[in-house]
Amino acid sequence: MPHEVRGVVALEPKKPVRVETIVVPDPGPGEALIDVQACGVCHTDLHYREGGINDEFPFLLGHEAAGVVEAVGDGVTEIEPGDFVVLNWRAVCGECRSCRKGKPQYCFSTANATQPMTLADGTPLSPALGIGAFADKTLVAAGQATKVNAAARPAAAGLLGCGVMAGFGAAAYTGGVGRGDTIAVFGCGGVGDAAIAAAKLNGARTIIAVDLDPTKLAWATDFGATHTVNASETDPVEAVRALTGGYGADICVEAVGNPSVLEQCLFARDLAGTVVQVGVPTPDMTFPALPMVEFFGHGGALKPSWYGDCLPSRDFPALIELYLQGRFDLDRFVSEEIALDDVEAAFHKMERGEVLRSVVVL
Ligand SMILES: NC(=O)c1ccc[n+]([C@@H]2O[C@H](COP(=O)([O-])OP(=O)(O)OC[C@H]3O[C@@H](n4cnc5c(N)ncnc54)[C@H](O)[C@@H]3O)[C@@H](O)[C@H]2O)c1
Ligand SMILES: [Zn+2]
Ligand SMILES: [Zn+2]
């Protein structure tokens, strides 16, 4: 029997989102029905609402979620009803050319539920990142639900599903930050702060937070930044060099999605240093124009980071254990708990920079 529940829907571009009745089918083969407990508000949800991702309206928003498995379809063995899960947008296929090369973190054929969720009149919904979890229940591919320790607080655990994992992995996996390294993180929202937390956990020596907003810089210090740079007051390239013996950082993480910031990262790193691009550009942005000899002469690596090169099945359970042991403070990313009706207001708080994450608790 299909389930009629409430969900946050973007019906048309740039219009406020609305809570609508949606219809969620029972799980078919390979699918799982999730009783959503919490779902964070991410910038990507706003991008969908703005029409910045694609024009497949109406969207069912929400994708940083934790909940309990209510039912599974035929052939599902890895999870069962009652499991506490964090949802992910990288359910690896195991068969594409990247999986076959032993690089499932780049899987080019990730799975989503095949049956559509719909509005009450039958109009199919496009779930954000194949998840759609600003809803009492959602339908996903079973591989999108990763079982983790049920002792975790849902509002905190769900954040691993997108931005926090992307930032953590951008530093830890894409950037490979390790003991004794120097790292500068440009943009200290949820993504940048997770990169800072990863750098601290991995033993980085110098962790420089760069932002335009003093409040964000204060929060970045709470996550482990050893130094802060307000880029609205100081040249961040000079500041990062000054804090790293005049050389630049081993790793610079761009967590804004801005060509000028990418250019700063390119020049704020040491010779043979790495730039990690985790901030998402919009289609109108172009790569910084610079002499090719600067690119060659610096050496090192420029690495885009999709979802922090994470593997949810490996990383979610491990990071939840670190959280439960008090070594990775997921709670600190939760600025406020809100209701489904408050998502539009949460977008505005996000735009004003007042929150790291507003989290809908169901
Ligand atoms: N690559 C991925 O897989 C992935 C996953 C999730 C999110 N993201 C992207 O990561 C980016 C950051 O996400 P977020 O949730 O932390 O966003 P956010 O808006 O919360 O944080 C961005 C931060 O950048 C700061 N900032 C803006 N302009 C700046 C500048 N010129 N110099 C320095 N700091 C500046 C802002 O003050 C803010 O603190 C977004 O582009 C988001 O889409 C990427
Ligand atoms: Zn694959
Ligand atoms: Zn997200």
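Trainee: What percentage of the 362 residues in the chain is buried?

Mentor: Before that, a word on conventions. This is a predicted model, where local features need pLDDT of at least 70 and side-chain atom pairs count only at pLDDT 80 or more, while totals for chains, interfaces and linings use all residues. Residues are numbered from 1 along each chain as its sequence is written, and chains are lettered from A and ligands numbered from 1 in the order in which they are written. Now, a residue is buried if 20 or more other C-beta atoms, placed from the backbone, lie within 10 Å of its own. Here, buried residues make up 50% of the chain.

Trainee: How many helices and strands are there in the chain?

Mentor: Helices (H or I, at least four residues) and strands (E, at least two) are DSSP runs, numbered from the N terminus. The chain has 11 helices and 18 strands. Its radius of gyration, taken over C-alpha atoms, is 20 Å, close to the 21 Å from the globule rule (2.2 Å times the number of residues to the power 0.38), so the chain is as compact as a globular protein of that length.

Trainee: Which domains does the assignment give?

Mentor: Domain bounds come from an automatic or database domain assignment. That assignment gives domain 1 (3-161 + 329-361) and domain 2 (167-306). Their centres, taken over C-alpha atoms, are separated by 29 Å. Counting two residues as in contact if their C-beta atoms, placed from the backbone, lie within 7 Å, six residues of domain 1 touch nine of domain 2.

Trainee: Which residues are closest to ligand 1?

Mentor: For the shell, a residue is near a molecule if its C-beta atom, placed from the backbone, lies within 6 Å of it. By that test 31 residues surround ligand 1, the closest being Ala166, Gly187, Gly189, Val191 and Gly257. Elements giving two or more residues include helix 4 (163-174) and strand 12 (206-211), and helix 5 gives the most, with three.

Trainee: Is strand 12 largely enclosed or open?

Mentor: Strand 12 is largely enclosed by the rest of the structure, because five of its six residues are buried. Strands pair if DSSP finds at least two bridges between them; strand 11 (residues 182-186) and strand 12 run parallel, joined by five bridges. One to look at links Phe186 with Val210 of strand 12.

Methods. A residue is buried if 20 or more other C-beta atoms lie within 10 Å of its own, exposed if 12 or fewer, and partly exposed in between; C-beta atoms are placed from the backbone.
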